[in-house]
Amino acid sequence: MIFNFGMMLSMPTIVLGALHNRKSEALWLDDDQASWFGSILFATHPLGSVCSGFFQTYLGRKGSMLLVNILFFVAWITLYSAQSPLVLSIAALTMGLGIGFDEAPLHSYIGEMSEPHLRATLCALLVSCSWAGALLMYLIAYLAPWRTVALISSAVPIFTIICISQIPESPTWYIMKGRLNDAQKSLCWLRGWTEPDVTQAEFEQLCGHIKKSSDSDQEKTRAEEKYEAVPGSNNEKETFGKAEGLLKTKFRELTNKKLLLPLRMVFIVFIFSRATQLTPMGPYMIGILDDFGFPADSKLILVRV
């Protein structure tokens, strides 16, 4: 999935390099169309992230990963068959939603199924796979036209779907849904097809932790439901008082120092990483290199860089 993540982030660079102001092509993009196409993928990324939390709660981690790869396949095929700027934008929008959607269930699955000493290594591999996907995208684009690149890339989500279909759902999600037998079978599979006796201690510890977290959430919910009703004889005022109490509670949570400190750190890292990587220039990189007049093929320079 993250391999496909890197490929999709590189996709606008390949397509705009082939179509931006290329009036000799049957399908080409002017400056305004290119600007929209290069921005849609990044603009819809946060929307996909918001949706991912809802879907992975109800579909599970595995179900969400299967769903997002179906979305990836549709996006690549839409891009391959595009005959107008509008269809290109729809493909970019679909990819942006998928990119935002895929990280949460994948990271959740890795955190819930892996042993503690493996989590850091697996998370580091995700970053490596993302860069490897971008490198492969630039390499294929150097060797083939952009439509062929999109068609070849559509094989990646198919392969991913086949692989994900062979693994079990997260045992944590099963326990949260009350499916303890399925959770124990999943844990046995993840620990090397062992017997339940081998994983019994870990299974009981996992159940205890989830139960403790669930009880804590329930107490928190009950605390949030306590409010001071607005004096009055009609239900409308009372409802307003309840809504105001809940909004104040949520606002206090968002302004809590325990949340703001890591949030500030994430923002700082994000701003510096985006600024140093020159992400806004990425979709136009081939055109920029061409304007500089490099003697080598701009696509080849991207591969080497």
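Predicted model: local features only at pLDDT ≥ 70, side-chain atom pairs only at ≥ 80, totals over all residues.
Biologist: Which residues does UniProt list for "transmembrane region"?
Modeller: The entry is unreviewed. UniProt annotations may be inferred rather than shown by experiment; positions follow the numbering used here, and feature names are shortened. The record lists residues 36–59, 66–82, 88–110, 122–143 and 149–167.

Biologist: How far apart are the end C-alpha atoms over residues 149–167?
Modeller: This stretch is 79% helix and 0% strand. Helices (H or I, at least four residues) and strands (E, at least two) are DSSP runs, numbered from the N terminus. The end C-alpha atoms are 29 Å apart.

Biologist: Is Ala-150 buried or exposed?
Modeller: Ala-150 is found in helix H6 (residues 146–153). Its relative accessible area is 0%. The cut-offs are under 20% for buried, over 50% for exposed and partly exposed in between (1.4 Å probe, protein chains only). So Ala-150 is buried.

Biologist: Which residues does Ala-150 touch, not counting residues up to four places away in sequence?
Modeller: Contact means heavy atoms within 4.5 Å. With residues up to four places away in sequence left out, Ala-150 touches Trp-76, Leu-79 and Tyr-80.

Biologist: Which residues touch the most other members of the largest nonpolar core?
Modeller: A nonpolar core is a set of buried Ala, Val, Leu, Ile, Met, Phe, Trp, Tyr and Cys residues joined through side-chain atoms within 4.5 Å. The largest one has 50 residues. Those touching the most other members are Met-11, Trp-76, Leu-79, Leu-88 and Trp-146.

Biologist: Why does Thr-44 count as buried?
Modeller: Thr-44 is in the loop between helix H2 (31–43) and helix H3 (45–81). Among its contacts, not counting residues up to four places away in sequence, are Ala-92 and Leu-97. Thr-44 counts as buried because its relative accessibility is 12%.

Biologist: Is H3 roughly parallel or roughly antiparallel to H7?
Modeller: Axes are lines fitted to C-alpha atoms, for helices over the stretch in contact, and angles run from 0 to 180 degrees between N-to-C directions. H3 and helix H7 (residues 155–164) pack at about 165°, with axes 9 Å apart. Angles under 35 degrees count as roughly parallel, over 145 as roughly antiparallel, 65 to 115 as roughly perpendicular and the rest as oblique. H3 is therefore roughly antiparallel to H7.

Terms used: Residues numbered from 1 in each chain as written. Heavy atoms only, no water.
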